[in-house]
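Biologist: I am new to this structure. Could you walk me through how to read its features?
Modeller: Gladly. Here it is.

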Amino acid sequence: MSAEGSSTASWIRTTDYHTAGEPFRIAHADSPVPPGATVAERRVAAIADAAGADRIRRLLCNEPRGHADMYGGFIVPPDDEGAHFGVLFWHKDGFSTACGHGTIALGVWATDTGLVESDPDGVTEVRIDVPSGRVAAQVERRNGKLVSATFRNVASHVITRSVPVETSRGRVLADLSFSGAIYASVRAADVGLSVDPDHYTELIAVGREVKWALNEAPEAQHAADPRLSGVYGTILWDDLGAGPEGPRQRNVTVFADGEVDRSPCGSGTGARVALLADDDTLTSSQTLEHHSIVGTVFHARWEPAGVGADSESLVTPFVTGAAFQTGEHRFVLDPSDPVAEGFVLR
């Protein structure tokens with residue numbers, strides 16, 4: 001963080017966006033750059049840097065400057081010249097391996113600011129290195145005006161289906177899939193709920209139960225990279241029936257430790273796409289219409305991506321939405337502030 005003049009206060013600048021209602025706070029100046037040759041290595045270093053990168057994460061994410069559902073990222077160098085930049089994603093509980101809504105926001109921000117030269121009447125691809133690999137935001141504009149941004153995720157796949165989980169609302173069966181992070185999918189009706197704001201508290205509770213019940217399970221351990229192991233979030237979903245272009249579903253993703261994605265969840269949508277492609281619910285010629293708990297929508301499709309090391313079928317998800325700037329900030333930390341980097345109440 002930078003010091004301002006003779007003041008002992010320190011400060012950091014951010015630009016904030018939302019993607020389909022979910023916040024994304026971009027720390028692009030004065031933000032920490034943890035050591036490492038890759039973004040994945042920098043994430044490990046950031047987690048261990050309690051007095052540096054993790055302290056700034058807490059400052060930007062916690063109350064009173066943020067809230068329990070805040071999300072953001074630090075801009076860092078890419079792994080190599082093939083990407084425009086890298087990013088360390090963070091939330092109230094630490095640093096994540098993937099973030100689709102954040103990738104969409106970053107693509108719009110990079111083209112809004114001129115960091116990546118934008119085609120005013122076409123699609124500009126912004127390539128970003130994240131802890132789970134290289135992703136992209138394909139930003140479409142017409143007459144300079146944003147039309148949409150499509151998140152291209154890493155290769156994704158089904159891990160296993162119908163894993164029994166005991167919850168306070170009874171036994172459920174969870175499907176596990178990987179799309180930059182591991183997600184557990186559970187039909188909301190199986191726990192007597194629907195994806196509705198009226199059930200917000202109950203959805204969080206059961207989402208946390210499923211996550212922590214499966215987090216250390218053998219099925220949730222990434223075979224190739226242990227840094228990607230563990231259940232990142234639980235996706236509780238409703239079937240909305242078939243639409244003109246393919247299936248329609250509504251979901252709420254409860255990730256980290258009880259944090260709720262207001263958007264349909266970018267990487268979570270990729271995890272759903274992997275499951276729906278695997279059982280032919282979503283063909284390669286169809287589009288998933290994916291609704292969030294607040295009524296916003298992503299549209300998603302997939303392309304084949306070959307076969308994985310364990311002979312699993314891989315798909316590349318493409319998730320389309322849009323992001324909009326909500327503000328620019330210059331956050332200050334006064335050394336005499338009694339709450340310092342802040343707090344969260346959930």
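Biologist: How many of the 14 residues of α3 are buried?
Modeller: One caution before the answer: this is a predicted model. In α3, 12 of the 14 residues are buried, so the helix is largely enclosed by the rest of the structure. Buried means under 20% relative accessible area. Among the buried residues are His101, Ile104, Leu106, Val108 and Trp109.

Biologist: How should I picture the helix itself?
Modeller: Start with the general idea. An α-helix has 3.6 residues a turn, so residues three or four places apart point the same way. Now the case here. Helix α3 covers residues 100-113. From its first C-alpha to its last it reaches 20 Å, close to the 20 Å expected at 1.5 Å a residue.

Biologist: Which residue just after α3 takes a positive phi?
Modeller: That is glycine 114, with a phi of about 85°.

Biologist: Where do residues other than glycine have a positive phi?
Modeller: The general idea comes first. Most residues other than glycine have a negative phi, and most peptide bonds are trans. Here, serine 162 has a positive phi of about 60°. Serine 162 sits in strand β10 and is partly exposed, at 42% relative accessibility. Alanine 256 has a phi near 50°, also a positive value. Alanine 256 belongs to the loop between β14 and β15. With a relative accessible area of 7%, alanine 256 is buried.

Biologist: And which residues does a cis peptide bond join?
Modeller: Glutamate 63 and proline 64, with omega about 10°. Look for proline 64 in the loop between α2 and β4.

Biologist: Let us turn to the rings. How many aromatic pairs does a search of the whole structure find?
Modeller: The search finds 8. In one of them, phenylalanine 24 and tyrosine 71 are stacked. Their ring centres are 6.2 Å apart, with 25° between the planes.

Biologist: Why does that pair tie together parts that are 47 residues apart in sequence?
Modeller: Because phenylalanine 24 lies in strand β3 and tyrosine 71 in strand β4. Phenylalanine 24 is buried at 0% relative accessibility. Tyrosine 71 is buried at 2%.

Biologist: Is the pair of phenylalanine 24 and phenylalanine 89 stacked or edge-to-face?
Modeller: Check the angle between the planes. Under 30 degrees counts as stacked, over 60 as edge-to-face. For phenylalanine 24 and phenylalanine 89 the planes are at 70°, so the pair is edge-to-face. The ring centres are 6.1 Å apart. Phenylalanine 89 lies in strand β5, so its pair with phenylalanine 24 in β3 ties together parts 65 residues apart in sequence. Phenylalanine 89 is buried too, at 1% relative accessibility.

Biologist: Which residues do ring pairs link into a cluster?
Modeller: Phe24, Tyr71, Phe89, Tyr183, Tyr232 and Phe255.

Biologist: Which charged ends sit over rings?
Modeller: Take two cases. Lysine 211 has its charged end over the ring of tryptophan 212, 4.7 Å from the ring centre. The charged end of arginine 272 is over the ring of tryptophan 237, at 4.4 Å from its centre.

Biologist: Now charge with charge. How many salt bridges does the count come to?
Modeller: The count comes to 24. The bridge between aspartate 16 and arginine 25 is 2.9 Å, N to O. Both of these residues are buried. Arginine 127 and glutamate 125 form another, with the closest N and O atoms 3.9 Å apart. Arginine 127 is partly exposed at 28%, and glutamate 125 is partly exposed at 27%.

Biologist: Which residues do salt bridges that share partners join into one network?
Modeller: Asp54, Arg55, Arg57, Arg58 and Glu341.

Biologist: Last, the surface. Which residues form a nonpolar patch there?
Modeller: Val339, Phe343 and Leu345. Together they have about 290 Å² of accessible area. Phenylalanine 343 belongs to the segment after β19 and is partly exposed, at 33% relative accessibility.

Key: Residues numbered from 1 in each chain as written. Predicted model: local features only at pLDDT ≥ 70, side-chain atom pairs only at ≥ 80, totals over all residues. Heavy atoms only, no water. Phe/Tyr/Trp six-rings, centres within 6.5 Å; stacked < 30°, edge-to-face > 60°. Helix = DSSP H or I, 4+ residues; strand = E, 2+ residues; numbered from the N terminus. Buried < 20%, exposed > 50% of the residue type's maximum accessible area, 1.4 Å probe, protein only. Lys NZ or Arg CZ within 6 Å of the ring centre and 35° of its normal. Patch = residues over 30% accessible without salt bridge, like charges linked within 9 Å, V, L, I, M, F, W, Y side chains within 5 Å. Areas by Shrake-Rupley, 256 points an atom, 1.4 Å probe, with all protein chains shown as cover. Salt bridge = Lys/Arg side-chain N within 4 Å of Asp/Glu carboxyl O. Expected span 1.5 Å × (residues − 1).
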